[in-house]
Amino acid sequence: DAAGRKWKLETYVKMAVQTKAAHAHRDAEVNSGLEEGAHYGVISSHGAKDACAGYEGKVVALTPDAATADYPYYGTLPRSRIFHPYCKHMITPVFNPDRYK
């Protein structure tokens, strides 16, 4: 891979499938929220110990148009820190982001 690691085929396939499934689930949640009129979402919390920990419970914009300095667009978050391979974090759509500050 890009970091120079060698993967066993079984390990790589497991990572790829889990990562794609989580990505599809996040996309479905975002699309569902947008259909209902929500323009923001909250990143799930589960006690991450890696770089994701800094994003747990954060409010993000679901569209670039809704992004502000307080609520960055989730699509521009660094993939090396959140929503990386094996990442378990999800986004729950919300209507009033100020309730989560």
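Leaving aside neighbours within four places in sequence, Thr19 is in contact (heavy atoms within 4.5 Å) with Pro85 and Tyr86. The structure is a predicted model, in which local features need pLDDT of at least 70, side-chain atom pairs count only at pLDDT 80 or more, and totals for chains, interfaces and linings use all residues. Residues are numbered from 1 along each chain as its sequence is written, and side-chain values use heavy atoms, with hydrogens and water left out.

Two polar contacts of the Thr19 side chain were examined; a polar contact is a pair of N or O atoms within 3.5 Å, where within protein one atom must be able to donate a hydrogen and the other to accept it, and residues adjacent in sequence count only if both atoms are side-chain atoms. A polar atom of this side chain lies 3.1 Å from the backbone nitrogen of Tyr86. The side chain of Thr19 also reaches the backbone oxygen of Met15, at 2.7 Å.

Thr19 belongs to helix α1, residues 9-36. Helices (H or I, at least four residues) and strands (E, at least two) are DSSP runs, numbered from the N terminus. Helix α1 has 28 residues and reaches 41 Å from its first C-alpha to its last, close to the 40 Å expected at 1.5 Å a residue, the expected span being 1.5 Å times one less than the number of residues. Its buried residues are Met15, Thr19, Ala22, Arg26, Val30 and Gly33. Here buried means under 20% relative accessible area, exposed over 50%, and partly exposed in between, with a 1.4 Å probe and protein chains only. An α-helix has 3.6 residues a turn, so residues three or four places apart point the same way. The cover of the buried residues of α1 includes β3 (91-94). Gly37, with a positive phi near 100 degrees, follows the helix.

The whole structure contains 3 aromatic pairs. Rings of Phe, Tyr and Trp (its six-membered ring) pair if their centres lie within 6.5 Å; planes under 30 degrees apart count as stacked, over 60 as edge-to-face and the rest as tilted. One of these pairs, Trp7 and Tyr12, is edge-to-face because the planes stand at 85 degrees, with the ring centres 5.6 Å apart. Tyr73 and Tyr74 also form an edge-to-face pair, at 5.3 Å centre to centre and 70 degrees between the planes. Tyr73 is partly exposed at 23% relative accessible area, whereas Tyr74 is buried at 11%.

Overall, the protein has 1 helix and 3 strands, in the order α-β-β-β from the N terminus. Of its 101 residues, 33% count as buried.
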